[in-house]
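Let's take a walk through this one, from a sheet to a few ring contacts. Have the sequence and the model open as you read.

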Amino acid sequence: MPIRLLEPPDAETAAAMLAQSATDGLSLVPRGCGTKLSWGGDLPRVDAFLSTRLLSSPIDHFAGDLVATVPAGATLAEVNAVLAHERQWLPIDPAGAAQATIGGIVATNDSGPRRQKHGATRDLIIGIEIALADGRRARAGGRVVKNVAGYDLARLMCGSFGTLAVILSATFKLAPLAPASRTVIADVHDAAGASDLALQINAAPLSPSAIELQAPRHRLLIRFETTEAAAIRQSQAALAIVEAAHGTGTVVEDEGERDAWRRHEALVWAPGGLVLKVSVLPTEVAGVLTELERLAAGTGFAYAVVGRAALGVLAVRVDAPDDISVMAVEALRRVAARRGGAAIVIRAPAGVMARVDPWGDVGAASAMMQAVKSRFDPLNTLSPGRGPAGL
Amino acid sequence: MNNRFLDRLAAAVSPGALLRDPVELLTYESDALVHLRATPGAAVLPRSAAEVQAVVRLCHEHHVPFVARGHGTGLSGGALPVADGILIVLSRLNRILDIDIPNLRVTVEPGVTNAEITRQVAPLGCYYAPDPSSQSVCSIGGNIAENSGGAHCLKYGFTVHHVLGVEAVLPTGDMIQVGGAVLDPPGLDLLGVMVGSEGTLAVVTKATLRLLRRPEAVLTLLAGFGSIDEAGEAVSAIIGHGIVPAAVEMMDRLTIDAAEAAVHPDFPKTGAVLIVELDGPQDEVHELFAIVERVCHASGASTIEIARDAAARDRIWRGRKAAFAAMGRVSPNYYVQDGVVPRTRLPEVLRRIRDLEARSGLRIGNVFHAGDGNLHPLICYDEAIAGQAEHAEAVASEILQYCIDAGGSITGEHGVGADKSKHMSKMFGPNDLDAMRMVRSAFDPAAICNPGKVFPTPRLCGEVPGPYRQHPIERAGLAERF
Ligand SMILES: Cc1cc2nc3c(=O)[nH]c(=O)nc-3n(C[C@H](O)[C@H](O)[C@H](O)COP(=O)(O)OP(=O)(O)OC[C@H]3O[C@@H](n4cnc5c(N)ncnc54)[C@H](O)[C@@H]3O)c2cc1C
């Protein structure tokens, strides 16, 4: 049977559709534009998609409070276009911001290079409205940044992959748009050099908004978004650190800078391929890269890495036949685990996804995750099997 | 209390760790919200996570409620014992287990005080960012439970932004690890919901926290304004310039006078003072600071003082931090409220508070974290006058209603605890509370973990309203309310 698409025009209808599905015992997968549907586990038992794409207005911008409430179906690009009128933005920059909806970004706790300065989605969210599996609507948090009343369900929804509730709208803390930006592009000799340099930049009295690494080409992109004078001064200071570490660097701005960042994103996020997220301690990044280099050479697969070098979060892309991709997932997972970290499959060709557990071992907390899931969705109709720990 | 249970409890912890003597239990009858009191059946002071686990396991088996307690500085009765329950005091779990400077991580037991972490890592150029004003005495476990913040949370966020992982004992006695030193662990963000859950979901036995490096430069400014409204305009203009200060604090005339009487910070005798602090790289801070100065002038500041060194900065902060305790100089008693409004609604809410002041006949001082709209109205009264304590509490509750009307919150940092659970249903509807209860019942199906907190329950009879009373740590000069 083909999977049906439900497209409610407003939050009330969305909730009513959930209630109806619960009555009918139908399973639903909430989605936005569907950009991340290939993320997370397979969708073996799904009757319908519930798209929140039409929940795209209003975007309530409280500029004086540096806060906005945005509906789940608005794309990040739409939201930021509105916020830009007041020289503010929602400082989340995941790949594919043009199509990614707020609901999808929250559900996957997605973020990008500027996480270095602004944090991930879960660090910026301050309130949420959800539709529960039985069709009731509930809120948590609010529209003030400082608020400790009640449980923080907004954070619980971040990264829940549509397994607990349908996100209707979310409220975020915003950031002012910086007047100026410069990026230092630094090339060094090896993976260890790139990672060390990232840690040195992070320890220097600078305020970079991103410290991104690229592999196998050992390159760093270090971005400064602040006042014009400070961006110039800090990029020069960073350049001096690069040169002292025997690297070579250039500073780019305007179109050259935008282009560098576009190419950076495409290295991993261009269509196709297997993409994993590897997280380790920042000091383990060099080791992971070195082992990956060896693994790829030994097995003969092509790969690319971009990542938050100073935070220890990397996106690794592998382009290889399914068999080798499956093996690469297992090998990388072992490498990450040995170094105290984890590797999650974010996106994979169907033939690969069917043969791997995208989440890996979730540990002793998985029983509690199950318990939370069973309270929110006792009939297991929301994204069954899609979430971690078999949620 | 069942003797077999008590015997098993005594056997589960080190000798001397089980307290039953009513005199010994006196210390534990309340947290810093001293008018809510209860005597626990017993208090235990475990020395290890394993002992905590053994205690919770026994409570689970015998259906005995328990309450975790850090250092008892909470201001909402979060650590109020359950009569005939067990109080698990975590002050002996006070070791710093690991300091990892290259990765800017520290792993601690829950009884370590907030300030101790910074004290340990300061020589290495680092600090732990959340800075509640009780930081020299409150515990990290308590901070995690309350999602505590401080004056600098405008820029640096709250405890939740700085906790990467915890080890915790669930109400069944099972031990779980949630999050860890590495970011983005797979699975639901249980950590996100455990932080700020006020000890109602689990007992934290270990935590891994993020450290920050000390900023290169810190500049602080003290500006005097004719009125709160003018000072508020300056704050709006600063934010309008795209500047996010490390801290923005405001005080009105009544609290300025009180602070002057108490610690002589030599603040201008104006209608309001504004404190703005910027930190970060030297050049950036200086450039932005010049804008802040200009903005203050343009908004009508009558005086501007710039603290260029630590001594001058300390004086300014001393004046600000003294504001609560100093109210004792101008009023025999006072009630401290904690509410939040969207920053842009401050002028309107403060006008309502001024009207209320006139109507109620009680003086109300205002100090607040102006950057994030967190108000701490101080309601002055005299408990010697019959009925005035109750009147003050009613006034304090009415202010919370103003906060809710303006789209704000009933608590910005002190928590709901036992004190404000009755206000929860003003802010949240039945569905909202049910969704929260789903989490609660997943973690604690038997409802033995800090029962009676956070969620609304009928008001206890015989409960007396809560005037401000100086906490022993304040009397000892260890902390000021803030
Ligand atoms: C003078 C003064 C100034 C203050 N200033 C501020 C401020 O600026 N900002 C601010 O946010 N707060 C402030 N507070 C409030 C208080 O200090 C904080 O809430 C603090 O985090 C409480 O820590 P504690 O160790 O004293 O916790 P306790 O009071 O002992 O407990 C608080 C809550 O935490 C739970 N808990 C404690 N330990 C654990 C654990 N290991 N696992 C699970 N739950 C646990 C308890 O059950 C309780 O619900 C102030 C208090 C005072 C008295």
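Two strands pair if DSSP finds at least two bridges between them. Helices (H or I, at least four residues) and strands (E, at least two) are DSSP runs, numbered from the N terminus. This is a predicted model, where local features need pLDDT of at least 70, side-chain atom pairs count only at pLDDT 80 or more, and totals for chains, interfaces and linings use all residues. Residues are numbered from 1 along each chain as its sequence is written, chains are lettered from A and ligands numbered from 1 in the order in which they are written, and side-chain values use heavy atoms, with hydrogens and water left out.

Start with the open sheet in chain A: eight strands, antiparallel, in the order E14-E11-E13-E12-E16-E17-E15-E18. E14 (248–252) and E18 (342–347) of chain A have a single partner strand each, so one side of each has no neighbour in the sheet. Over at E14(A), five bridges tie this strand to E11 (180–187) of chain A, and A:Ala186 sits opposite A:Gly249 there.

Now for the rings. Phe, Tyr and Trp (its six-membered ring) pair if ring centres lie within 6.5 Å; planes under 30 degrees apart are stacked, over 60 edge-to-face, the rest tilted. The whole structure has two such pairs over all chains. A:Tyr151 and B:Phe455 meet edge-to-face, at 5.4 Å centre to centre and 90° between planes, and this pair crosses between chains. In the other, A:Phe161 and A:Trp359 have centres 4.9 Å apart and planes at 85°, so the pair is edge-to-face too.
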